[in-house]
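Here are my notes after a pass through this one. Have it open while you read, and check the points against your own view.

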Amino acid sequence: MGETRTWPAVAVASAITLVCAIVGGIAASAAVAELTRGPRVAELREAQAAETALRWERWPAGRIFPATLAYTSEQGGPELARRVGISSRTDCRGAVDTAVAGRMTAAGCRAVLRATYLDALQGIVVTIGVAAFPDEPKARAAVPIFPGDGAAAPGLRALAFPGTVTDRFSAGGRQSLIVRTAGPYLVMATAGQVDGRPARALGEQRETMFSFTEDLAEKVGAILTAPASPDCTAKEWRC
């Protein structure tokens, strides 16, 4: 009859302990690696999007609307539009005409920031509005709320400052409107002449008179969506 060998209980226990230690070591190493690894590309992208969407409320208004904005004149030369003032109000409904206020709110508008600029010759006044939305798809979906043919109304309300050359700029004096998207923002620019005359009083209007307002809107949009290096240690970043 052959001899049967069995593992001593101590040897079996030691083997099990060794296996558990190896498994535990691997798990611990994986946990440490997960905790100490840098953020993934997708996580950085999400952090960038989240930070950009909050710039409207975290950045100083003067950073969004700088003192001057560059544009190209009708003659093709470089010019600067100068800021007259920035509105202290940010509510969506108060910044646009009543006819579209409800649709803006329903579309997810969080706030509308507004500032007014003068062109280099101080003959044209431009109000720029930045409507903040939760994300880019919602901002794009809001574009059809406004006329697509450049008509000024219903659109962004004129922002005048008493005691300045813009004080005659009113709803009736608006003569153009452009709407552009920039990430989670809808950037609008409405313009008119400083004397406040309505479009119907002008007769035949030059098609390019207000074309420079697109430059201004694009500049503000570029400021708001400029890439930034994520700082996962700062409170405004969530990596």
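This is a predicted model: local features need pLDDT of at least 70, side-chain atom pairs count only at pLDDT 80 or more; totals for chains, interfaces and linings use all residues.

1. Let's begin with contacts along the chain.

2. On the overall layout, the protein has 8 helices and 6 strands. Going along the sequence, the order reads α-α-α-α-β-β-α-α-β-β-α-β-β-α.

3. Next, burial and surface. There are 239 residues in the protein, and 38% of them count as buried.

4. Helix α6 is worth a look. It covers residues 98–106, and its buried residues are Val100, Ala101 and Met104. Viewed down the axis of α6, these buried residues fall within an arc of 125°, so they line one face of the helix. What do the buried residues of α6 pack against? Their partners are α5 (92–95), β3 (111–118) and β4 (124–132).

5. Thr98, Ala99 and Ala106 are exposed, and they sit on the face turned away from the buried side of the helix. Just after α6 comes Gly108, which takes a positive phi of about 105°.

6. On to charges. Side chains of opposite charge can pair when their charged atoms come close. How many salt bridges does the count come to? The count is 7 salt bridges, and three of these pairs are taken up below.

7. Are Arg55 and Glu51 buried or exposed? Both Arg55 and Glu51 are buried. Their side chains meet in a salt bridge, at 2.9 Å from N to O.

8. Asp91 and Arg89 also form a salt bridge, and their closest N and O atoms are 3.0 Å apart. Asp91 has a relative accessible area of 33%, so it counts as partly exposed. Arg89 has a relative accessible area of 49% and is likewise partly exposed. The cut-off for exposed is over 50%, so Arg89 at 49% stays in the partly exposed class.

9. The last pair is Asp195 with Arg197, a salt bridge whose closest N and O atoms are 2.5 Å apart. Asp195 counts as partly exposed at 29% relative accessibility. Arg197, with a relative accessible area of 34%, is partly exposed too.

Technical notes
Residues are numbered from 1 along each chain as its sequence is written. Side-chain values use heavy atoms; hydrogens and water are left out. Helices (H or I, at least four residues) and strands (E, at least two) are DSSP runs, numbered from the N terminus. Buried means under 20% relative accessible area, exposed over 50%, partly exposed in between (1.4 Å probe, protein chains only). A salt bridge is a side-chain nitrogen of Lys or Arg within 4 Å of a carboxyl oxygen of Asp or Glu. The arc is that of the directions from the helix axis to the C-beta atoms. Contact means heavy atoms within 4.5 Å.
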